[in-house]
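Hi everyone, thanks for making time for this. I'd like to walk you through one structure, so let me put it up on the screen.

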Amino acid sequence: MGRRIGMWMYSNSGGDKIEKKIVKKLKERDIDVITGINLRHAIVKKGHILHGKTKVDELDLFFSYNAGEQTQYQVYLYEALSRVIPTINSFEAFRLTEDKFQTSFLLQHHGIPTPEFQLCHRDDSKQLNRIMKKWSKMVYKPTDGWGGVGLTKIENEEMLNMLMPFLNQMDLRFFYVEKFVKYDNTDFRVDIVDGKFVGCYGRKAGKRDWRTNVTSGGSVFKREPNDEVVELAIKAAEVCGIDIAGVDIIYDQEREEYVVLEVNGIPAFATPEQEKMGLDFNDRKIDLIVDLIDRKTRKRKKK
Ligand SMILES: Nc1ncnc2c1ncn2[C@@H]1O[C@H](COP(=O)(O)OP(=O)(O)O)[C@@H](O)[C@H]1O
Ligand SMILES: [Mg+2]
């Protein structure tokens, strides 16, 4: 029997067209694709994960690429599924990169520069005050956020003291904070697939915000990376054990080095508008993903 994989891909911002291209290229390699496998609508029965009539657990691979529509139920089934068939990304890598503290810790442990960070127990606000004295400015980050949402820049001790009651009210078990990095309000987003450099673009924060995220008013621009930036992104992806990654990098003006802000497990393809601006890495990314799926499913069939 031929190879068959399942896919769940975002459809907005040109995602539908990308999906069609991937499906076509896989077909050319005799790999059939069942698209639209949203685990949100799957059920578990007699040791199988059923999506309509499809036994998802009997497919040769599951390709999950939809950040916007993720639900807890969906992620929970993704975890179960990953125990029985290969998934891209692997669930382990997906879960790791969904968490900023876990990722920064692992990167730093492997000698990859990240902003200085601290994890504080919720009852230890004194520690936060001590760090604040040392750093002078910090960023509070929800460990599981994205799009710059919830990030709070804390400019001085007064502000920290003012914020503490609110943070305490949020009933968190811990606080994750980073030293505020002095940088030029631009970043590099470097896409890596299967350990290989795919493409890069830059983002610049809007006039009224310090965050580069498009959702925070940032804008995308064409940007060539240097070897150092590419190297750093490849290493970060490797340490995270992640097949597909979008690595966010900024230049720390005080330390005079590049630092990795985060690793994204579902980095968006260039949108049609961005392609018009010259972001031309989509085809290369598609080819590398197709190669990757081909290799991972071939290995499995041989077993
Ligand atoms: N430690 C920091 N110092 C200065 N700016 C930061 C720091 N961390 C994040 N930022 C800014 O905030 C943006 C969002 O942070 P990031 O960690 O990538 O989270 P998100 O998942 O929300 O994108 C970054 O693109 C960068 O512009
Ligand atoms: Mg980011």
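Let's begin at the ligand. The shell around ligand 1 is made up of 9 nonpolar, 5 polar and 5 charged residues. Please keep in mind as we go that this is a predicted model. So, how many residues surround ligand 1? There are 19, and the closest are Pro115, Glu178, Val181, Arg211 and Thr212.

Where does that shell come from? Domain 2, residues 116-179, and domain 3, residues 183-265, each supply at least three residues to the shell around ligand 1.

Now let's step back to the whole chain. It is divided into domain 1, which takes in 3-89 plus 286-302, then domain 2 and domain 3. Between the centres of domain 1 and domain 3, taken over C-alpha atoms, the separation is 27 Å. Their contact involves 6 residues from domain 1 and 8 residues from domain 3. On the domain 1 side, helix α9, residues 282-302, gives the largest share, with 4 residues. That side of domain 1 divides into 4 nonpolar residues, 1 polar and 1 charged.

Last stop: helix α4, residues 100-109. Which of its residues are buried? They are Lys100, Thr103, Ser104 and Leu107. These residues sit on the same side of α4, because they cover an arc of only 95 degrees around the axis. And what covers them? The cover includes helices α3 and α7, along with strands β8, β11 and β16. Just after α4 you'll find Gly111, with a positive phi of about 75 degrees.

Terms used
Residues numbered from 1 in each chain as written. Chains lettered and ligands numbered in written order. Predicted model: local features only at pLDDT ≥ 70, side-chain atom pairs only at ≥ 80, totals over all residues. Near = placed C-beta within 6 Å. Nonpolar A, V, L, I, M, F, W, Y, C, P; charged D, E, K, R; others polar. Domains from an automatic or database assignment. Buried ≥ 20, exposed ≤ 12 C-beta atoms within 10 Å, placed from the backbone. Helix = DSSP H or I, 4+ residues; strand = E, 2+ residues; numbered from the N terminus. Arc of directions from axis to C-beta. Contact = placed C-beta atoms within 7 Å.
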